[in-house]
Amino acid sequence: MGKETGFLEIERRERDYLAPEERVQNYREFTVSPPEKVLREQAARCMNCGIPYCHNGCPVNNIIPDWNHLVYEDDWKNALTVLHSTNNFPEFTGRICPAPCEAACTLNITDNPVTIKSIECAIIDRGFEEGWVKPQVPEKQTGRSVAVIGSGPAGLACAQQLARAGHAVTVFEKNDRIGGLLRYGIPDFKMEKHLINRRAVQMEAEGVVFKTSSEVGVEVSLQALRENFDAVVMAGGAEEARALDIPGAEMPGVRLAMEFLTQQNKRNAGDDEVRAAPRGTLTATGKDVIVIGGGDTGSDCVGTSNRQGAKSVTQLEIMPQPPEHEDKAMTWPDWPVKMRTTSSHEEGANRDWSILTKRVIGDGENMTGLECVRIEWRDGKIEEIEGSEFTLPADLILLAMGFTGPKRRGLLDRAGVDLDGRGNVAADTDSYVTSEPDIFACGDMRRGQSLVVWAIREGRQCARAVDGALMGVSHLPR
C-alpha cells in the first residue's frame, strides 16, 4: 500500500487552520486542505502493514489502505468508490469524526499516524466537485415500505441503504430540517449544513421521502406507521440530557448545551429570533460563561461562546486531567485516553479538571456565580479536598454533561418496546429488531450516546437486517 518507504521519507502534515483571531469572526468552516500533491504524499505514507489495524479502529471498517493507495496513484474516482463502499457520508466523518482509525494506525506507535481523516475528506470533496457522486436508483422496486424515525446519521444511512435495495422509504423528522444532531448539534464552523442538503437531494432522487416537523408519537401516530408500513426503524438518537442536581440549578441562567448550540445553528440558517429561540434568546455575548462537561459538546459550546463575544469562558470537568501522552504499550491500537485540545480551546478558554460543582449562586432570578470544590478520585469514588472551595463568576452556565438515553415522552411511551438496563431501546446488532417484531432500532437510540461514525455503521447494518426480514435475504453490505 502506498509507497513502501514513504513513511520513512515523508513527514506527517495535517490540514491547516485559519488563525484563531480570523476564524472566530464567523461561523464558517476554517480548515484548509493541503494541495493535491501533498495529499498524495500523505497517502504514500500508508505502510504495507501485515495487519492494518486502522480497519478495526474504524467503526464502519473503512478499507483505508486501499483508498490511500488509489490516492497515491492519482486514481481519485476509484478511491471514492472504495470509500463509499463502507461509508455513506464520508463528508461528515471526514470533518467531525475523532479518527479512531488514526489512533489505531501502526505509525501512531511513534505518534505519526497517516492523515487518514484529511485524506478521506479530500476524496469525498473532490468527488462532489467532479460530479462523481450521483444518485444510485434501484433497478426495480420491492413493493415493501419502511418508515424511518429520525434523520440523524443513523436514520439517513439506514434510509439510503433501504432505498437502494428498492424499498419505499419515508423518513419522519420532528425538527423543521433534516439532519438531527448533524444539523442542530454540530456547530457550522465544524461542519457547514449545505453538506447535509446536498445529500438530501441525492437521497430524494433515490426515492427517499422526507417529512419534517413530524414528531412520531406527537404529530404522527406510531400506530398509523405500523399499519401503513411493512417495517418501522427507530433512529431518534439519545437526547435525554444529564441534569445538574445542585441547589440553584433551576435558575434561568442554567441552560442545556443543545439549546444553546441549536439556537445559533438556526440563526446561521437564516431563522429569525422567534423561530431560532422560542424560549427566549440565549447568547454568551458579554457574559462570564461556564461550560460544565469536558467532551466534544462542551468544546462546541466554547467555540460558539467565543464567536458570540463572551467576556470569559471556563470549561469544567469532573474527571481528572488526562496525561499528555498515552502509554503506547498498554493502549495501542485501542482508543487512548489522553489530553485533547480542540481548535475551540485554542481560540480561548480556561479549563479545569477534578472539579465538583456545589451550588449556583444568585437570587433565584439573576445568577452571579458557581460554587465549586476540588476533588480526588480514590477507588472510583469522589473525595472533596478540604479547604479547596472556590467560586467562579457566572452569567451563563451551559450543561454539556452527556446524555442518559433516548427521550421517553411520545415515541417510546407509545411504542411499548423493551429497554435495556441503561434506558436505551433493547435490540441486538444482528437483527436490530426490538421486542416488537415489526419495529427495529439503531444508532444512539439503541446504543446510547456515541459517535457519528458508529451511527452510520448501525444505520447500514440495520438496513441490511430490515431488508433481510422483509425479503428473506439481503444483498446489502454489512
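Helix axes on this tour are lines fitted to C-alpha atoms over the stretch in contact, and angles run from 0 to 180 degrees between N-to-C directions. You're looking at a predicted model, where local features need pLDDT of at least 70, side-chain atom pairs count only at pLDDT 80 or more, and totals for chains, interfaces and linings use all residues. Residues are numbered from 1 along each chain as its sequence is written, and side-chain values use heavy atoms, with hydrogens and water left out.

**Stop one: a helix pair.** Select residues 64–72 (α5) and 76–84 (α6): these helices pack at about 170°, axes 8 Å apart. (Helices are DSSP runs of H or I, at least four residues; strands are E, at least two; both are numbered from the N terminus.) α5 and α6 are therefore roughly antiparallel, the word for angles over 145 degrees.

Now show side chains. Asp66, Trp67, Leu70 and Val71 of α5 meet Trp76, Asn78, Ala79, Val82 and Leu83 of α6, contact being heavy atoms within 4.5 Å.

**Stop two: strand β4.** Select residues 168–172; four of the five are buried (under 20% relative accessible area, 1.4 Å probe, protein chains only).

(Strands pair if DSSP finds at least two bridges between them.) Click isoleucine 149 and you'll find its bridge partner, phenylalanine 172, in β4.

**Stop three: the other partner.** Bring in β5, residues 209–211, which runs parallel to β4 and is joined to it by three bridges. Here, valine 171 stands opposite phenylalanine 210 of β5.

Terms used. Angles under 35 degrees count as roughly parallel, over 145 as roughly antiparallel, 65 to 115 as roughly perpendicular and the rest as oblique. Buried means under 20% relative accessible area, exposed over 50%, partly exposed in between (1.4 Å probe, protein chains only).
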